Amino acid sequence: MTKRFGVITSGGDAPGMNAAIRAVTRQGIALGYEIIGINRGFKGLLENAFISLTIRSVSGIINTGGSILHTGRCPEIKTIAGMNRAVRSIKELSLDGLVIIGGDGSLAASHALSKRGIKVISIPASIDNDIYGTDETIGYDTALNTAVESIDKIRDTATSHDRIFVVEIMGREHGFLTADVALAAGCEFIVVPEIIVDLNKLASELKRGKERGKTSQIIAFAEGCGLSSEFGKKIEKLTNLEVRVSTLGYIQRGGRPTARTRILASQLGHFTMNLFHRGETNVLVGITKGELSVMSIKKAIRYKKKFNKKTVKILRNLSI
Ligand code: F6P
């Protein structure tokens with residue numbers, strides 16, 4: 001009997017999810033498997049909402065953002081009853097394994113399913129790049145480029161008006177995206193949850209920057225640090241300089257995936273089906289030091305990715 005594998009996208013969408021679905025489907029079919037796409041994340045799994053994926057149904061999606069399967073947050077999957085229902089649905093669908101494409105919440109669900117005997121492989125996809133076990137997540141490079149392009153535009157208006165800007169960047173409770181965006185956009189300062197900021201010191205450095213002839217200064221502010229609007233007000237009060245706040249928001253989640261994102265998604269999707277074929281399951285696939293890598297889901301959820309403080313140092317040295 002032909003083996004059947006399910007593929008699901010869950011949590012926040014990330015550009016490149018479609019390229020991963022395409023790779024899973026095409027490589028899965030090439031290996032002789034049937035591929036079932038679960039609609040609307042785990043919610044769809046609980047409601048038995050699925051479609052059969054074919055070579056042609058994944059045509060023309062490698063360059064699109066979002067997820068053709070749709071995605072969503074599903075609090076129910078965190079409950080025992082929800083998990084039991086998910087296992088039942090997987091059995092009713094006669095799935096031999098499930099590919100779960102998503103971020104840390106999806107990884108936790110992968111772990112819970114694997115503990116109940118379901119064969120899963122997790123593909124990391126999130127703009128936050130906060131998953132241990134992979135140097136990069138699908139969608140990260142695209143979000144990075146989108147944010148940098150936006151800050152380049154903000155720089156134009158900031159310079160014309162001699163203003164300080166606080167730019168809020170996504171990343172949940174982590175500063176991975178913010179740090180790389182800041183370095184690539186030449187921001188002067190960075191505020192991330194991983195580092196305590198001395199507001200008075202920051203204010204005096206901003207004033208010194210102005211005295212040194214800087215016509216604009218941009219503070220990259222991670223959303224996990226609280227309200228950027230409040231932060232902006234405090235900075236304005238402490239510096240007596242004109243401050244504006246801009247929240248990049250959900251534009252960071254959309255758009256055409258960059259070539260780098262598409263390559264990563266294609267490699268990981270292809271790799272995933274090869275692993276299933278070899279009988280290797282309950283792992284997170286990823287990219288480590290430029291090579292495709294595998295880590296047990298158990299280990300991936302146990303450890304936290306480390307924030308590289310060197311990025312902040314480089315940024316400060318270069319933004320003189
Ligand atoms: O995890 C991706 C992400 O975009 C985070 O950066 C952000 O904090 C969160 O999702 C927003 O979630 P939601 O789509 O539920 O508003």
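In this predicted model, the centres of domain 1 and domain 2, taken over C-alpha atoms, lie 34 Å apart. Domain 1 is made of two stretches of the chain, 4–139 and 257–302, while domain 2 covers 141–253.

On the side of domain 1, 15 residues are in contact with 12 residues of domain 2. The size of an interface is often given as the accessible area lost when the parts come together. Here, domain 1 and domain 2 bury about 1200 Å² between them, and 48% of that area is on carbon and sulfur atoms. Within domain 1, the residues that lose the most area to domain 2 are Ile127, Asp128 and Thr258, which together account for 41% of what that side buries.

Polar and charged groups also take part. Between the two domains, 7 residue pairs are in polar contact. The side of domain 1 that touches domain 2 is made up of 4 nonpolar, 5 polar and 6 charged residues. The interface of domain 1 and domain 2 has 1 salt bridge by the rule applied. Asp13 forms a salt bridge with Arg253, and their closest N and O atoms are 2.7 Å apart.

The cysteines complete the picture. The structure holds 0 disulfides. Cys187 is in no disulfide, and the nearest cysteine sulfur, that of Cys225, is 14 Å away. Cys187 counts as buried because its relative accessibility is 1%, under the 20% cut-off. Cys74, with a relative accessible area of 10%, is buried too, since that value also falls under 20%.

How values were computed
Residues numbered from 1 in each chain as written. Predicted model: local features only at pLDDT ≥ 70, side-chain atom pairs only at ≥ 80, totals over all residues. Heavy atoms only, no water. Disulfide = S-S within 2.5 Å. Buried < 20%, exposed > 50% of the residue type's maximum accessible area, 1.4 Å probe, protein only. Domains from an automatic or database assignment. Contact = heavy atoms within 4.5 Å. Buried area = accessible area lost by both parts, 1.4 Å probe. Salt bridge = Lys/Arg side-chain N within 4 Å of Asp/Glu carboxyl O. Polar contact = N/O pair within 3.5 Å; in protein donor to acceptor, adjacent residues only side chain to side chain. Nonpolar A, V, L, I, M, F, W, Y, C, P; charged D, E, K, R; others polar.
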